[in-house]
Amino acid sequence: MLLSVEFRRFAARELVLVLVVAALSGIGMAGVIAAVKSRPPVAELAARAELRAGRELRACLAGKQISPDELPPGETLEEFCRANIRPENYYGSQQIALRDLPNWIQGVSFILFVGSLVLGASFVGAEWHAGTMMTLLTWEPRRLRVMVAKVLACVVSVFVLAVGLLVALSLTMTLVAATRGITSGLPDGLFGSVAGSVLRSAAAASLASALGLALAMIGRNTAAAMGVTFGYLAIVEGLIRALRPGWQKWLLGDNLSVFIMGRAEGFAGRSLGGAALVLVLYAGVLLLAAATSFRARDVS
Amino acid sequence: MRRGSTIALRRLDLEVPEGGVFGFLGPNGAGKTTTIRCLLGLARPNGGSARVLGADVARDLPSVIRRVGSVVETPAFFPHFSGRRNLLLLARLHGIGPKRVNAVLERVGLAERAGDIVKTYSLGMKQRLGVGAALLGDAEVLILDEPANGLDPAGIVEVRGLLRSLGAEGRTVFVSSHILSEVQQIADRVAILARGECVAAGPVEEVLSAGRARGVIVRLDDLDAGARALADAGLRATVDNEALRVEVAPSEAATVTRILADRGLYLTELRADEIDLETVFLELTADESKEGLEA
């Protein structure tokens with residue numbers, strides 16, 4: 001019952017509605033702008049791109065673009081060149097290309113992260129502000145249950161919302177690419193890559209909401225949670241990057257970048273799995289601190 | 001119960017009997033709301049224990065919480081949800097259906113405005129909604145912190161009637177209030193709290209009589225002659241505000257009439273010197289009020 005009430009309350013929040021409408025409007029506007037700016041490639045442009053790609057491919061096969069020791073493990077020079085050098089790469093920047101879809105998804109992940117952080121923080125911050133946390137606890141005094149229900153309702157709802165918005169973005173851009181851009185030359189496994197990007201970005205959004213919720217539970221305030229997060233990401237992590245580069249692989253921002261981009265080759269000293277583990281660990285520790293604070297402190 | 005360096009409650013030993021209305025009085029800062037918070041598990045005392053319906057609050061409150069309805073301070077609701085939606089969300093927590101929500105809204109006089117968002121409610125309406133929330137679960141025990149706060153006179157009368165009827169139904173209504181006349185009219189028993197300590201507790205009549213002895217007020221033309229006549233008969237009488245205050249039980253008023261009439265002194269007024277709860281309250285908490293003024 002408690003969980004279902006929390007889900008209902010999350011779904012009925014005005015801020016959720018406002019952010020979803022804003023996000024959908026943004027996607028719609030991005031689609032319109034992309035459609036207006038993109039021009040379908042004409043035959044002359046395609047021929048020119050074909051010619052240039054042929055030239056680049058020959059140079060690549062001759063080993064002029066990449067040395068054998070730089071090749072990805074298990075890949076031959078020919079496989080690498082044919083996979084990466086395609087005529088579509090040389091159409092210019094005026095066309096929306098469907099193959100860039102994973103990059104667009106990763107590009108909006110930061111906005112999604114911030115929005116989810118606000119949603120998570122305000123989900124409990126608003127309760128403390130309005131005093132409804134006290135009302136709720138007079139109905140359900142088991143605080144740990146209350147906390148777990150709130151976290152679950154928040155992270156699951158944010159995940160579903162994020163997936164929905166990213167699917168809407170993907171469909172919009174696919175439509176634009178199909179009507180006004182380029183849909184040829186798609187790399188193998190594009191669908192898997194898009195699905196992976198959507199799921200990882202949505203998971204990062206869920207994580208952001210959990211972090212926001214935990215901080216707002218500790219500070220009993222939405223603004224404090226937001227201030228602490230942005231202060232930490234912008235100032236503390238910035239200083240650490242500058243003064244202690246060796247610690248970079250432990251930073252939230254860097255692990256988040258690795259996770260969202262899905263790079264498995266060890267960017268920032270982390271593998272994808274390692275970054276995911278670090279993020280889950282950080283969220284877990286913060287939620288545990290929030291639960292401890294919530295259980296121990298008086299409610300007034 | 002300690003808050004920082006301040007002791008909020010000290011040696012508070014209070015038992016609320018089952019059924020009826022129990023008034024919990026005290027000046028601001030006496031510890032009424034802190035006591036209520038302790039009873040509802042919202043605040044944890046440094047020492048001692050509290051039990052509600054026989055359950056230890058620290059360990060077993062969840063087992064009895066469905067039988068307890070409460071309002072703590074100004075009731076808090078989601079401001080952008082309607083009154084009905086707020087109650088529906090709470091009701092759902094305990095598996096209570098919308099029919100009961102509608103019945104409660106009707107009972108607290110909010111049926112017509114139930115669809116409006118709480119943000120548009122007056123303080124009095126929020127208070128009614130709070131009382132409504134407390135009534136949702138058909139609770140055996142109602143713990144209400146200043147339920148008449150913010151209500152207009154008509155609303156106060158309604159809440160008074162509501163609390164009285166709830167007590168008459170056999171529920172235990174624990175109500176804190178600073179409106180002493182209200183408590184006196186509805187409560188069967190009271191406790192008076194000052195500086196975190198209980199300074200008086202018991203049935204209203206007992207607490208009233210403990211304040212100072214009852215007497216009768218007598219008005220006549222010659223107050224001094226009247227006082228002398230009564231003193232000669234062994235009754236203590238003092239001139240007080242152009243009348244005589246005679247220390248005798250109101251049931252013995254006939255004796256006063258006879259003594260004065262025997263001396264040719266005739267009364268223009270005779271009435272019982274009733275002490276109200278407000279007087280007792282002010283007397284019992286006099287030091288605290290004084291400290292508050294000095295501070």
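I began with helix 9 and helix 10 (residues 253-262) of chain B, whose axes come within 9 Å and cross at roughly 115°. Axes here are lines fitted to C-alpha atoms, for helices over the stretch in contact, with angles from 0 to 180 degrees between N-to-C directions. Helices (H or I, at least four residues) and strands (E, at least two) are DSSP runs, numbered from the N terminus.

I noted that the model is predicted: local features need pLDDT of at least 70 and side-chain atom pairs count only at pLDDT 80 or more, while totals for chains, interfaces and linings use all residues. Residues are numbered from 1 along each chain as its sequence is written, and chains are lettered from A and ligands numbered from 1 in the order in which they are written.

**Helix pair**

I recorded helix 9 of chain B and helix 10 of chain B as therefore roughly perpendicular to each other (angles under 35 degrees count as roughly parallel, over 145 as roughly antiparallel, 65 to 115 as roughly perpendicular and the rest as oblique). I then looked up which residues make the contact: Gly226(B), Ala229(B) and Leu230(B) from helix 9 of chain B, and Val256(B), Ile259(B) and Leu260(B) from helix 10 of chain B. Contact requires C-beta atoms, placed from the backbone, to lie within 7 Å. By class I have five nonpolar, one polar and no charged residues (Ala, Val, Leu, Ile, Met, Phe, Trp, Tyr, Cys and Pro are nonpolar, Asp, Glu, Lys and Arg charged, the others, Gly among them, polar).

**Sheet**

I found four strands of chain B in an open, antiparallel sheet, ordered 12-13-11-14. Strands pair if DSSP finds at least two bridges between them. Strand 12 (237-239) and strand 14 (267-273) of chain B are the edges, each pairing on one side only. The twist averages 25° from one strand to the next.

I checked strand 12 against strand 13 (residues 244-246) of chain B and found three bridges in the antiparallel sense. Ala237(B) has Val246(B) as its bridge partner. Helix 9 (residues 223-232) of chain B lies across strand 11 (215-220), strand 12 and strand 13 of chain B, at about 165° to strand 12.

**Contact with chain A**

I looked up the contact between the chains: 24 residues come from chain B and 22 residues from chain A. On the side of chain B, helix 2 (57-64) and helix 3 (83-93) are the elements that give two or more residues. Helix 3 of chain B gives the most, with four residues. I noted the classes for this side of chain B as 16 nonpolar, five polar and three charged.

Definitions and conventions
Two residues are in contact if their C-beta atoms, placed from the backbone, lie within 7 Å.
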